[in-house]
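Open the model in your viewer and keep the selection tool ready. The tour goes stop by stop.

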Amino acid sequence: MHWRLFGCVLVCCALLHTIVPSNAVAQTVDCHQHLYSPEAGKRSGLTDGINAEDLIRELDKAGIKRAVALSAAYSLSNPNKPTLVDEYAKVRAENDWTAAQVHAHSDRLTGFCSVNPLRPFALEEIDRCAKDPNLRTGLKLHFGNSDVDVDNPEDLAKLRKVFREANTHRMALIVHMHANVDHHRPYGAREALIFLREILPQAPDVTVQIAHLAGAGGYDDPGDDDALSVFIVALQQNDPRVRNLYFDVSGLAIPGTWEDKSALLAKRLRQIGPDRLLYGSDASVPGNRPAEALKRWHQLPLTQSEFRRIESHIPPYLGHPSDHEPSRE
Ligand SMILES: [Zn+2]
């Protein structure tokens with residue numbers, strides 16, 4: 001591009017940012033959605049999976065223009081389910097399927113690679129995803145599904161390497177950090193402190209988005225609030241380790257889990273502040289279609305302007321809409 005034209009683009013963009021207040025074009029950004037191939041869907045109890053067309057149809061009903069679409073590849077390495085034959089080939093295939101789905105709808109969807117961080121092929125797969133324009137934005141890790149135990153030094157060492165690798169490739173991280181629920185693994189302040197002290201500093205240059213407000217959906221497990229409080233203290237102290245830390249609110253408003261703690265939940269959300277909170281619907285499954293998730297979220301005791309700020313908050317890894325050119329490579 002000619003430098004004068006380039007200069008004009010810069011000036012015009014700067015002017016646009018000044019003239020158009022960000023809330024004038026505020027649109028909901030869904031920072032936590034999932035895609036499942038038919039095979040991954042079957043393994044996760046979804047008969048046909050969720051492809052990009054299914055997801056976009058549901059996003060349209062909710063008036064949501066953009067979404068982060070997480071690969072379900074990690075779920076193929078769930079250690080609490082039967083091991084798959086040729087597991088790594090299937091993990092690659094799932095990430096590639098997700099990339100192809102996203103590629104066909106890259107004006108609406110941004111793909112995230114995923115992998116079980118404890119598997120021997122984890123680093124290799126992250127490197128591979130980093131070369132794929134439809135997956136290189138980020139990496140999804142699911143500590144619960146992968147049964148990661150941060151209290152176990154071996155697991156911790158592997159996690160630290162995975163975070164370093166993502167940081168090297170400048171891939172953002174979306175982390176379901178709550179430990180496995182079905183097997184009642186320990187989870188609370190201790191695990192959050194390990195995350196803060198040992199894991200987060202391995203990825204100092206990228207956005208780290210903790211899913212479900214550090215919980216596993218709902219807000220009824222005391223461990224959720226204990227873990228979240230560790231990060232709130234760090235934020236209040238301007239701890240440099242949480243400089244790039246964000247929280248998504250996906251799965252929070254599950255009926256029957258938060259109502260008796262609604263004041264505490266609102267307090268926590270305000271302590272974190274809208275600049276650190278991102279909206280997410282979680283998987284578009286029956287009962288949790290994006291329109292339904294949005295409606296439930298609106299039952300929380302926040303003001304309309306707080307809802308709008310959080311819903312329209314664009315995470316750094318998506319950038320300003322004008323900076324985010326859909327990939328057509
Ligand atoms: Zn999710």
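**Stop one: helices 7 and 8**

Select helix 7 (residues 189-199) and helix 8 (residues 222-236): their axes come within 7 Å and cross at roughly 40°. This is a predicted model, where local features need pLDDT of at least 70, side-chain atom pairs count only at pLDDT 80 or more, and totals for chains, interfaces and linings use all residues. Residues are numbered from 1 along each chain as its sequence is written, and side-chain values use heavy atoms, with hydrogens and water left out.

Helices are DSSP runs (H or I, at least four residues), numbered from the N terminus. Axes are lines fitted to C-alpha atoms over the stretch in contact, and angles run from 0 to 180 degrees between N-to-C directions.

Helix 7 and helix 8 are therefore oblique to each other. Angles under 35 degrees count as roughly parallel, over 145 as roughly antiparallel, 65 to 115 as roughly perpendicular and the rest as oblique. The crossing of helix 7 and helix 8 is right-handed (the near helix is turned clockwise from the far one by less than a right angle).

Now show side chains. On helix 7, pick Ala-189, Ala-192, Leu-193, Phe-195 and Leu-196; on helix 8, pick Asp-226, Ala-227, Val-230, Phe-231 and Ala-234. These residues make the contact (heavy atoms within 4.5 Å). The contact of helix 7 with helix 8 has 9 nonpolar, no polar and 1 charged residues. Here Ala, Val, Leu, Ile, Met, Phe, Trp, Tyr, Cys and Pro count as nonpolar, Asp, Glu, Lys and Arg as charged, and the others, Gly among them, as polar.

**Stop two: helices 5 and 6**

Move to helix 5 (residues 122-130) and helix 6 (residues 153-168). Their axes come within 10 Å and cross at roughly 15°. That makes helix 5 roughly parallel to helix 6. Select Ala-122, Leu-123, Ile-126 and Asp-127 on helix 5, then Lys-161, Val-162, Glu-165 and Ala-166 on helix 6, to see the contact. It divides into 5 nonpolar, no polar and 3 charged residues.

**Stop three: helices 4 and 5**

By class, the contact of helix 4 with helix 5 has 3 nonpolar, 1 polar and 5 charged residues.

Note on methods:
Helix = DSSP H or I, 4+ residues; strand = E, 2+ residues; numbered from the N terminus.
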